[in-house]
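Please keep the sequence and the coordinates at hand while reading.

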Amino acid sequence: MSRRKIRNTAEETLTPPDSLSAGQTLARIVKAQGKDLYSVQTPDGTNLLVELEAKFRGTIFVKRGGYVLVDSSATGRENKIQGEIVNIVRDERTWRKQPYWPPQFVKKPDPVDSDEEESLVGKMPPSDSEEEEG
């Protein structure tokens, strides 16, 4: 594949579509099954086996926990594949601003910014004098 085609394919994934067609839905990658097949979870909790579209094979890396746009309107298949990945969410911040982004895919809070109990990993244990005071 030429560099121009790879660059065009990569740029295509940066901008989300204005709207989704009837058979399209956003999904989260659960597991790579091999041979360009992936298990994905839709916002309603359904697990699907989907195939990566040919133009993305070998050009765009799809990681577990990432988001993809799945088209499941091709129901005339005679196998277990239930849809096709037609776009890959690479700029998640831009995609989240779209009205069709499902509320079930809420962004996980950063553990660094949380005000919960501090982690003791990498810290020294309290000294004897601190234990006697408390």
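Arginine 64 is exposed, with a relative accessibility of 69%; exposed means over 50% relative accessible area, buried under 20%, and partly exposed in between, with a 1.4 Å probe and protein chains only. Its place is in the loop between S3 and S4. Helices (H or I, at least four residues) and strands (E, at least two) are DSSP runs numbered from the N terminus. Leaving aside neighbours within four places in sequence, arginine 64 is in contact with Ile29 and Val30, where contact means heavy atoms within 4.5 Å.

The model is predicted: local features need pLDDT of at least 70 and side-chain atom pairs count only at pLDDT 80 or more, while totals for chains, interfaces and linings use all residues. Residues are numbered from 1 along each chain as its sequence is written, and side-chain values use heavy atoms, with hydrogens and water left out.

**Overall fold**

The protein has three helices and five strands, arranged along the sequence as α-β-β-β-β-β-α-α. It has 134 residues, of which 29% count as buried. Among contacts between residues at least 6 apart in sequence, 62% join residues at least 24 apart. The accessible surface comes to about 9900 Å², and 48% of that belongs to carbon and sulfur atoms; areas come from the Shrake-Rupley method with a 1.4 Å probe, and for residues only the protein chains shown count as cover.

**Nonpolar cores**

A nonpolar core is a set of buried Ala, Val, Leu, Ile, Met, Phe, Trp, Tyr and Cys residues joined through side-chain atoms within 4.5 Å. The largest one holds 15 residues, and Tyr38, Val40, Val68, Ile85 and Ile88 touch the most other members. Two or more residues of this core come from each of strand S1 (24–34), strand S2 (37–41), strand S3 (47–52), strand S4 (67–71) and strand S5 (83–88). S3 gives the largest share, three residues. In soluble globular proteins, nonpolar side chains tend to be buried together.

Beyond its neighbours within four places in sequence, tyrosine 38 is in contact with Ile29, Lys31, Ala32, Gln33, Leu48, Leu49, Val50, Leu52, Val62 and Ile85. A second, separate core has nine residues, among them Val86, Trp95, Tyr100 and Trp101.

**Loop residues**

| Residue | Relative accessibility | Class |
|---|---|---|
| Lysine 97 | 66% | exposed |
| Threonine 42 | 8% | buried |
| Lysine 35 | 78% | exposed |
| Aspartate 36 | 27% | partly exposed |
| Isoleucine 81 | 14% | buried |

Which residues does threonine 42 contact, leaving aside its neighbours within four places in sequence? They are Thr25, Leu26, Ala27, Leu48 and Phe105. Threonine 42 itself sits in the loop between S2 and S3.

Lysine 35 and aspartate 36 both belong to the loop between S1 and S2. Lysine 35 has a positive phi of about 55 degrees although it is not a glycine. For aspartate 36, phi is near 65 degrees, again a positive value in a residue other than glycine. Most residues other than glycine have a negative phi.

Isoleucine 81 lies in the loop between S4 and S5. Not counting residues up to four places away in sequence, isoleucine 81 touches Leu37, Leu49, Val50 and Glu51. The C-alpha atoms of isoleucine 81 and leucine 37 are separated by 8.3 Å, although the residues are 44 apart along the chain.

Lysine 97 is found in the loop between helix H2 (92–96) and helix H3 (128–133). Its C-alpha atom is separated by 9.6 Å from that of proline 16, which is 81 residues away along the chain.

**Largest pocket**

On a 1 Å grid over the protein atoms alone, a pocket is an open set of points where a 1.4 Å probe fits, with protein on both sides within 12 Å along at least five of seven lines; lining residues have an atom within 4 Å of a point. The largest pocket contains about 260 Å³ of space, the volume being the space filled by probe spheres set on the points, which are joined across faces, edges and corners. Its lining consists of Ile60, Phe61, Val62, Lys63, Gly65, Gly66, Tyr67, Val68, Ile88, Val89, Arg90 and Glu92. By class, the lining has seven nonpolar, two polar and three charged residues. Here Ala, Val, Leu, Ile, Met, Phe, Trp, Tyr, Cys and Pro count as nonpolar, Asp, Glu, Lys and Arg as charged, and the others, Gly among them, as polar.
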